[in-house]
Amino acid sequence: MMPRTVVIAGATGFIGSYFRRRFLDAGWQVRTVGRDGSADAQWNDDGAITKALNGAELLVNLAGRSVNCRYNEQHRREIVDSRVLTTRALGRAVAACDEPPRTWINSSTGTIYRHAEDGPQSEVSGELGSGFSVDVARAWEDELAAAAAPRTRKVPLRIAIVLGAGGVMEPLRNLARLGLGGHMGPGTQKFSWIHVEDLYRVVLFVHDHAELSGPVNAATPYPVDNRELMSLVRRSLGVPFGIPTPAWLLEAGAILIRTQTELVLKSRWVEPRKLLDAGFAFEHPTLAGALNQIAQRKPSRT
């Protein structure tokens, strides 16, 4: 039997490298698109991208420059281009395929919703926010919608903060080890998240459930607030206390380490309504369990 084929665009990052390994472990043939010389196709070569996509069953686009930086003019342009132009290139390639992928899952972000401390934001009832991060997410999803791919189901995946060994947890863990792992700002802002293994399982689930369309929220149904987040980070490391960081000090510190306070101060309350209604079961639903798994680096079940 021919192996199933997935094309991963942006396979060198934290999520992409995890996906590549998991798909290979599951017996899939994996092709990659990226800037790296080891990729099967580079971003500046439409013909090679089309060749990689032709006959593949699934396309997963994870490409996008990290937003963990100061939003100066150059970084803003890089953040937008790394999402919009890569999605556009994939759209051209899908349109040129004789046998296009059945499903195209394109990254988006849970940050597209407004700052919400008053209630969860679902795909149907959620309210979109404003500002640079939301503008990026809208442009990203608009580019996917504009792609001419009549034989391919296109699904923007609005991904919450992804947790795993590495990624966003490292700076939080480092702060906790230094005794600075108290709550940040008011501490009431919601933290929507998903374990990287569950994100991989969501991608397979969306691919296998053809009835799922439009944006899909990828987040655990059990978000926490920042106060509980930092308490659980400390507990997973065995650190007994942490000094809280007021918003003004976070702003000063963010300038020094060249990042944005939005990454920790915006209240993201993302509800995975479509996944829950379709019967998806999370393997790591609670943050305490997920952080313990990450701290112990236990291999996830297949």
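## Basis of the description

Helices (H or I, at least four residues) and strands (E, at least two) are DSSP runs, numbered from the N terminus. The model is predicted, and local features need pLDDT of at least 70, side-chain atom pairs count only at pLDDT 80 or more, and totals for chains, interfaces and linings use all residues. Residues are numbered from 1 along each chain as its sequence is written, and side-chain values use heavy atoms, with hydrogens and water left out.

## Overall fold

The protein contains 11 helices and 12 strands. Its radius of gyration, taken over C-alpha atoms, is 19 Å, close to the 19 Å given for 302 residues by the globule rule (2.2 Å times the number of residues to the power 0.38), so the protein is as compact as a globular protein of that length. Along the principal axes, the C-alpha atoms fill a box of roughly 60 × 45 × 40 Å.

Of the 302 residues, 53% count as buried, meaning under 20% relative accessible area, whereas exposed means over 50% and partly exposed lies in between (1.4 Å probe, protein chains only).

## The loop between H7 and H8

Phe241 lies in the loop between helix H7 (226–237) and helix H8 (247–256). Phe241 is exposed, with a relative accessible area of 54%.

Thr245 is also found in the loop between H7 and H8. Thr245 counts as buried because its relative accessibility is 15%. Leaving aside neighbours within four places in sequence, Thr245 is in contact (heavy atoms within 4.5 Å) with Leu180, His183, Met184, Gly185 and Leu250.
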